[in-house]
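Open the model in your viewer and keep the selection tool ready. We will go from stop to stop.

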Amino acid sequence: MKRIIRGATLELVQGDITLQEVDAIVNAANSRLAGGGGVDGAIHRRGGPSIMEETRQKYPDGCPTGSAVISGAGQLKAKYVIHAVGPVWRGGQQQEAELLASAYRRSLQLAVEHQCRSVAFPALSTGAYGYPMDQAARIALQTVYAFLAEHGRPELVRFVLFDDRAYRQFAEAMEELIPEHAPNQG
Ligand code: APR
């Protein structure tokens with residue numbers, strides 16, 4: 001499923017983010033950039049040790065929640081990995097929505113600054129960090145939509161949803177928030 005926004009494509013697919021052939025893959029990292037399970041584990045396993053070596057060297061203090069940093073992508077097909085730190089879900093009153101939106105925005109800015117034409121995102125914060133998928137989907141799509149409506153790039157932003165349920169929640173949110181003939185389309 002996809003939408004065209006100011007000439008850029010926003011699309012949803014179901015799959016494994018580590019296999020995407022895009023310029024930048026976004027990692028669901030933690031603020032220490034210490035590695036973990038989920039997307040983080042899969043990226044470091046498939047990409048090899050050079051990614052962690054680089055982030056340790058360049059970002060010894062890690063990365064605050066709601067922000068992102070960039071590194072090379074080791075053996076992955078991508079050129080870059082963008083390590084985005086989403087919030088841990090604590091019930092919704094701890095600025096989780098703002099922090100999640102800002103992790104997406106910062107990732108998109110980094111992608112544009114590094115001339116990435118295509119970027120793949122996982123559903124940040126919806127695994128170990130416990131963010132409810134329906135709410136996370138809305139924030140993710142709204143934030144990317146607003147960024148593309150303003151900047152018209154990256155040319156391709158792809159959400160890679162791991163399972164059928166995540167895909168359906170994102171698809172529902174897309175139908176609702178970005179109608180096929182929204183003003184910025186085309
Ligand atoms: N491709 C795409 N999506 C995936 C993949 C994959 N290979 N593996 C897991 N997912 C999905 C999960 O199902 C979930 O919906 O990505 C979403 C994010 O889950 P997590 O990777 O657990 O990320 P997050 O909730 O942001 O938690 C981050 O987990 O691994 C640690 O170091 C990481 O501490 C950090 C925390």
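Select the ligand and Asp-16. A polar side-chain atom of Asp-16 sits 3.0 Å from a ligand nitrogen atom, a polar contact (a pair of N or O atoms within 3.5 Å). At Gly-35, a polar backbone atom lies 3.4 Å from a ligand oxygen. Alone, the ligand exposes 700 Å², and the protein buries 88% of that (Shrake-Rupley areas, 1.4 Å probe).

This is a predicted model: local features need pLDDT of at least 70, side-chain atom pairs count only at pLDDT 80 or more, and totals for chains, interfaces and linings use all residues. Residues are numbered from 1 along each chain as its sequence is written, and side-chain values use heavy atoms, leaving out hydrogens and water.

Next, select Glu-96. It is found in helix α3, residues 96-113 (a DSSP run of H or I, at least four residues). Is Glu-96 buried or exposed? It is buried, with a relative accessible area of 1% (buried means under 20%, exposed over 50%, with a 1.4 Å probe and protein chains only). Show Gly-92 too: its backbone nitrogen lies 3.0 Å from a polar side-chain atom of Glu-96.

Last, the largest nonpolar core, with 51 residues (buried Ala, Val, Leu, Ile, Met, Phe, Trp, Tyr and Cys joined through side-chain atoms within 4.5 Å). Leu-10, Leu-12, Phe-159 and Phe-170 touch the most other members. Helix α4 (residues 133-151) gives the most, eleven residues. A second, separate core of eleven residues includes Ile-17 and Val-81.

Conventions
Helices (H or I, at least four residues) and strands (E, at least two) are DSSP runs, numbered from the N terminus. A polar contact is a pair of N or O atoms within 3.5 Å; within protein, one must be able to donate a hydrogen and the other to accept it, and residues adjacent in sequence count only if both atoms are side-chain atoms.
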